[in-house]
Amino acid sequence: MSRARSDADRLLAAVDGSVAAIVVGVASTDGVTRAARGAVTGDRFEFGSITKTMTAQVLASLVLGGTVSLDDPIESWLDAGSNGSITLEQLARHCSGLPRMAPNADDGVGFDELDPYAAYTADLAEAALREVEVDRAPSPLYSNFGYQLLGLALERASGTPFEELLKAHVFGPFGLVTASLGPHPDLVQGLKD
């Protein structure tokens, strides 16, 4: 048994039985080893916060391609009010001074506490950005809100819908052939707690 197989099996065993379906992948010099419980090939899972890494990859690609610069202020693309000087780099590094959640996160039509981002629109994000008071001498503070704004800024800077940016700079290059953005009928149902 390879070390990667042993690691994958160990990780899978560490998850208690309350999880309906799980897939574990271990990348090593031997390749990628997968282990699964309650899931089959073709099942789709919600990415969640992994999308922050994907958004950062889109940012890096657009910086290397000359579309944006890390020092670009968000006011170039977003109606940010007095917070327009926040840079793309500050958003990406969680150093913008923005809170973890947008102050109006629950204002979306059809807001669902279990999926608080599903009904959150670009208009709501810009309204919150204009109204929120940021820490002007910020230390790193994990900000879902900041990454929502980063994705929106990249979409507008490139003139390309964010899903297409993900396809071009993440899904395609990394071989994520079944990855997509938004709801999908085959999504494995997650469990809270």
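**Cores, a helix crossing and a loop serine**

The largest nonpolar core has 35 residues, and Leu 88, Leu 98, Leu 129, Phe 145 and Leu 154 touch the most other members. The model is predicted. Five helices, α2, α3 (88-92), α4 (122-131), α5 (144-158) and α6, each supply at least two residues of this core. Helix α5 gives the largest share, seven residues. In soluble globular proteins, nonpolar side chains tend to be buried together.

Take Leu 98. Leaving aside neighbours within four places in sequence, Leu 98 is in contact with Ile 86, Leu 91, Leu 129, Val 132, Val 134, Leu 141, Ser 143, Phe 145, Gly 146 and Leu 149. A second, separate core has seven residues, including Ala 4, Ile 22, Val 26 and Ala 35.

Now to a pair of helices. The axes of α2 (residues 50-64) and α6 (residues 162-171) come within 9 Å and cross at roughly 80°. Angles of 65 to 115 degrees count as roughly perpendicular, so α2 is roughly perpendicular to α6. From α2, Met 54, Thr 55, Gln 57, Val 58, Ser 61 and Leu 62 make the contact; from α6, Phe 162, Leu 165, Leu 166, His 169, Val 170 and Phe 171 do. By class, this contact has eight nonpolar residues, four polar and no charged ones.

Last, Ser 49. Ser 49 sits in the loop between β2 (31-37) and α2. Its relative accessibility is 41%, so Ser 49 counts as partly exposed. Beyond neighbours within four places in sequence, Ser 49 is in contact with Tyr 142 and Asn 144. The side chains of Ser 49 and Tyr 142 make a polar contact at 2.9 Å. Ser 49 and Tyr 147 are 98 residues apart along the chain, yet their C-alpha atoms are separated by 9.7 Å.

Key:
Residues are numbered from 1 along each chain as its sequence is written. This is a predicted model: local features need pLDDT of at least 70, side-chain atom pairs count only at pLDDT 80 or more; totals for chains, interfaces and linings use all residues. Side-chain values use heavy atoms; hydrogens and water are left out. Axes are lines fitted to C-alpha atoms, for helices over the stretch in contact, and angles run from 0 to 180 degrees between N-to-C directions. Helices (H or I, at least four residues) and strands (E, at least two) are DSSP runs, numbered from the N terminus. Angles under 35 degrees count as roughly parallel, over 145 as roughly antiparallel, 65 to 115 as roughly perpendicular and the rest as oblique. Contact means heavy atoms within 4.5 Å. Ala, Val, Leu, Ile, Met, Phe, Trp, Tyr, Cys and Pro count as nonpolar, Asp, Glu, Lys and Arg as charged, and the others, Gly among them, as polar. A nonpolar core is a set of buried Ala, Val, Leu, Ile, Met, Phe, Trp, Tyr and Cys residues joined through side-chain atoms within 4.5 Å. Buried means under 20% relative accessible area, exposed over 50%, partly exposed in between (1.4 Å probe, protein chains only). A polar contact is a pair of N or O atoms within 3.5 Å; within protein, one must be able to donate a hydrogen and the other to accept it, and residues adjacent in sequence count only if both atoms are side-chain atoms.
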